[in-house]
Amino acid sequence: MRRFSLKTKMATLVSALFLFIFAAGAFMFERVFEEHFKKTIADQQFELVSKIAYDVDLSIHEALKVLIDVSKLIPTADINNYPAMQKHLEKILETRFFLKGYFDHGIVLYSRTGRVIGQVPYSPEWFGKDFSDREYFQYTIRTKGPYISKPFRSVKAPYDPIVMFSVPVFDKDREIAAVLGGAVSLLKDVTFGGIAGIKIGRTGYLYLFNTDRTIIVHPDKTRILQQDLPRGANRLFDAAIDNWFEGSGETVSSKDVPGIATFKRFRNTDWILAAHYPTRDAYAPIYRERWYIVAYTAIGIALCVLIILIVMRRNLSPLSELASQAEGIGRTEDPLGHVHVDAGGEIGALASSFNAMLERLADREASLMETMEELRKLHNAVEHSSAVVVITDGQGHIEYVNPKFVEVTGYERSEVSGKTPRILKSGELPQEVYDDLWATIISGEEWQGIFHNRKKNGELYWAAASISPLKDTRGNITHFVGVQEDITAVKLFEQELKNAKEAAETANQAKSDFLASMSHEIRTPMNAIIGMAELLLEGPLDEEQRRYVTTLRNAGDNLLNIINDILDISKIEAGYLELHETPFDVRELVDAVCDTMDVRVREKGITLDSRIGADVPVRLTGDAGRLRQVLLNLVGNAVKFTDEGKITITVERDGASGGNTVLTFSINDTGIGIAEDKIPHIFEKFTQADSSTTRKYGGTGLGLTISRRLVELMGGRIWVTSTVGAGSTFSFTASLGPAADGADTRAPEEDIASSQTLPEARPLTILLVDDSEDNRLLIRSFLKKTPFAVDTARDGREAVDMFTVTPYDIVLMDIQMPVMDGYEATRQIRQWERSQGRSATPVVALTAYALEEEIRKSYEAGCNSHLTKPVGKSALIEAIRAHTRDASPVREAFPASEAKTAEHATVPTSIVTIDRDLEDLIPGYLEKRLADVASIREAAAGSDLETIRVLGHTMKGSGGGYGFDRITEIGRKLEEAAKASNTEKCLQHADELANYLTHLTITYQ
């Protein structure tokens, strides 16, 4: 049998191999494409359904929360007065119009027996109707909890399918007094009905059902409230209901339509959101691409095989002859001879080269093998290097790039061959970098640096590069080789660190702003609450009333302690808290802690002892206040968690460090102890050993955290050992300095005096500036029985206007106010005083801001002192006394000549006697009239004469009724001036009213 020729075998082999590779590649590509496409469709569909389910689930949760909030507003005292309850419900919904967006089918209030006692919108035929048999009503009555009903058809036209949300309404004894329901339509697009309008692709759709297979929402509205597929008809449907399956898969619909089904459960109900996308539409692109691939593959294979056969047949005949002769030479042991091939061109040249090679082969074979091995190693190292390698000629044109270059830059080797590396320039680096690079390498030196390059797709990346010159045997530079390492990840990490630092600084500032606002917003009402409680305790109260008021004041103090804890931990974390080093007596400090806790200890029937080592120095230097705070925290916790037995405070010397004495303080109790797994976390913020919602012991969980931070600031550490049921021992160390000989460790005389009865105060004129009517009333009540005359202003602008007209001995200035805040008002007062050559009037910032930086801002604005709300009566009077101790009353010292030349000359004091029954109303009435002065001036500036006329008319009608005939007269003048359009007269009468109010003295009979 004749042997096949080389060209035939080559042509056949190459064609078959190409055919196999091409066909296999096309088949694999088609399979991979199909699987990827199907997975992508399924994943995208699940992602869409999950997003919609999350949004709807969140809306359900928000609707239920809103309904619960509304239930708390229903007055249960009138629960049996049905007309009154209807009015209450309508009034609540008038101020909360957004409820209609949640419950588009109405809000219903049921009595405890199930009868309708309130409804919005109102339907007469429903009022009093019994709904006690409804499952949502029975569930809420039974469980005392909120409930979302199963869908049902409304009994009200047009009888839409609805879902009812129901929540209990509790009375003051936490018993159910009524049930509040909110109905949601399943057909309206503004609620759940909008789900049915969402399309997936061209024919896909969403629908909603619950675990009993009842359809809740469906594009086909006739199927709502109908049963879907029976059990066993669809495995994915069954899995979604029975096995909590969430995801996508291929199945058939209830109408036997194949498709991709997706299921996602809601978290707040037993509802399941499902999607069905027919496969004929979902996979249409796959089917179309499959035919394209088949056609392209067939045509490509046919053309390639034909070309291969023609080329092989034409070019391989001489090569076959050359191969045959070379084969013969290889088989013989004789000296190598020449081959003879009758061919020209490349094959002829090949034969000649082959003969020349044979002549040199014997001498160079060993050297060639060694060289090839070295080249192979070098080639493999460069080809498989993890770094980018680029080789250029002496002019910088690229001759070689390794595969890593292709991988990193996206350029193929053919695209960069013959070009310069400038194709990677991004323009992000200055030209000087490249000039320095070229100057370095052409001088024969190595250059190292960092590039910011651009990939083929436009993406930027960072690379650390080293470029070196290659020289020939004569020392001439022939090539340059560059090695680059992609450091984009490092650069991005550096940028992330920078961004994280900026974000942390922003978050820290936001936290500080929040704490300042929180402190102000809580302390402002607490000032009125605690202050009023203090005033009530000063008056005649029976035993039960005194107990109530004491409880109110104690609750306010507890809330302030919580606020102070939060501010302390914030100050420590922000680095604002500093320790104040003063000498103190350790034994006196421990005794003071024991005295402070004595009442609580005796109330619980336990004992509190202290033991101080004999080698503990009597006097030391440190922050005694913060050390006392730590001891009170730890002893307070011990008292809280100890019901019987004793508590012992032990102080021992623990050596010395850097000239300081290290003391160990231990607080041992016989309380309930701490579980071992809780101990590692006991000093973390907001952490308690018992964190359940029914825990017996209260507290914020901040005391131990603050104690740990304070101990660390004092150069110590804190730890705890405990046994459940046997007690705990909290220990900490503190590094304290030596006290100088003769240092006074007693409390300052001023502090001691402040706790005693204040001396008799002398008459003073005070300007109180506060936008809170409650706080103005409180301060005036504090000073009611003092010889102080108090004028009030509601904002900074009004305060400045009054200050420039009337002299005052002291100003009590709130900080956060509308129109003009306390900072700006104080600055303008100081500026006016300087322009008039007057000495500075004491200004005390009386505000709820408690952070250190806010206090500093008040001093920078010109305040002399800072009192943090809530302010006690004694502290307020002491502050007034301290700042006016050395000054004479300004109204007595005001020069007569100045009074005559002032723009608003003072008038003699007016004394008005008022009926004592009106005593509580007079301060508020006069404050309103003083506010009218500012309103008149503002209206005059805007030529708003109608506002002035109305204000004058009001004063004309009310002044005499309260006993102020002068106000009635001024009101009449204002009304006439406004009717005459005489703005100048209006301003004169406003000044007249301001001076009258400022110099008014009232007596009651």
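Author: Two strands count as paired if DSSP finds at least two bridges between them. The model discussed here is predicted.

Reader: Which residue takes a positive phi in the hairpin of strand 23 and strand 24?

Author: Gly 725, with phi near 85°; the hairpin has 3 residues between the strands.

Reader: Where in the model does a residue other than glycine take a positive phi?

Author: At Lys 144, where phi is near 60°. Lys 144 sits in the loop between helix 4 and strand 3 (147-148). Most residues other than glycine have a negative phi.

Reader: How do you know that the peptide bond from Val 120 to Pro 121 is cis?

Author: By omega, which is near 0° for that bond. Pro 121 belongs to the loop between strand 2 (116-120) and helix 4 (135-143). Most peptide bonds are trans.

Reader: Why is helix 25 called roughly antiparallel to helix 28?

Author: The packing angle of helix 25 (residues 922-941) and helix 28 (residues 983-998) is about 155°, and their axes are 10 Å apart. Angles over 145 degrees count as roughly antiparallel, so helix 25 is roughly antiparallel to helix 28. The crossing of the two is left-handed.

Reader: Which residues of helix 25 and helix 28 meet?

Author: From helix 25 they are Leu 926, Arg 929, Leu 930, Val 933, Ile 936, Arg 937 and Ala 940; from helix 28, Thr 983, Cys 986, Leu 987, Ala 990, Asp 991, Leu 993, Ala 994 and Leu 997. By class, the contact of helix 25 with helix 28 has 11 nonpolar, 1 polar and 3 charged residues.

Reader: Why are strand 14 and strand 15 said to stand at the edges of their sheet?

Author: The sheet is open, with 5 strands in the order 14-13-17-16-15 and antiparallel pairing. Strand 14 (398-401) and strand 15 (447-454) each have a single partner strand, so one side of each is left without a neighbour in the sheet. From one strand to the next, the twist averages 25°.

Reader: How do you know that strand 16 and strand 17 pair?

Author: DSSP must find at least two bridges; strand 16 (residues 460-471) and strand 17 (residues 477-486) have 9 bridges, in the antiparallel sense. Pro 469 is bridged to Phe 480 in strand 17. Helix 11 (residues 431-442) lies across strand 15, strand 16 and strand 17, and runs at about 140° to strand 15.

Reader: What makes strand 28 a partner of strand 29?

Author: The requirement is at least two bridges, and 4 bridges join strand 28 (residues 843-847) to strand 29, the two running parallel. Ala 845 has His 866 of strand 29 as its bridge partner.

Reader: Why is the pair of Phe 209 and Phe 237 called stacked?

Author: The structure holds 20 aromatic pairs. In the pair of Phe 209 and Phe 237, the ring centres are 4.6 Å apart and the planes are at 20°. Centres within 6.5 Å make a pair, and planes under 30 degrees apart count as stacked, so this pair is stacked. Phe 209 in strand 8 (residues 204-210) and Phe 237 in helix 5 (residues 235-242) are 28 residues apart, and the pair thus links distant parts of the chain.

How values were computed. Residues are numbered from 1 along each chain as its sequence is written. This is a predicted model: local features need pLDDT of at least 70, side-chain atom pairs count only at pLDDT 80 or more; totals for chains, interfaces and linings use all residues. Side-chain values use heavy atoms; hydrogens and water are left out. Axes are lines fitted to C-alpha atoms, for helices over the stretch in contact, and angles run from 0 to 180 degrees between N-to-C directions. Angles under 35 degrees count as roughly parallel, over 145 as roughly antiparallel, 65 to 115 as roughly perpendicular and the rest as oblique. A crossing is left-handed if the near helix is turned anticlockwise from the far one by less than a right angle, and right-handed if clockwise. Contact means heavy atoms within 4.5 Å. Ala, Val, Leu, Ile, Met, Phe, Trp, Tyr, Cys and Pro count as nonpolar, Asp, Glu, Lys and Arg as charged, and the others, Gly among them, as polar. Rings of Phe, Tyr and Trp (its six-membered ring) pair if their centres lie within 6.5 Å; planes under 30 degrees apart count as stacked, over 60 as edge-to-face and the rest as tilted.
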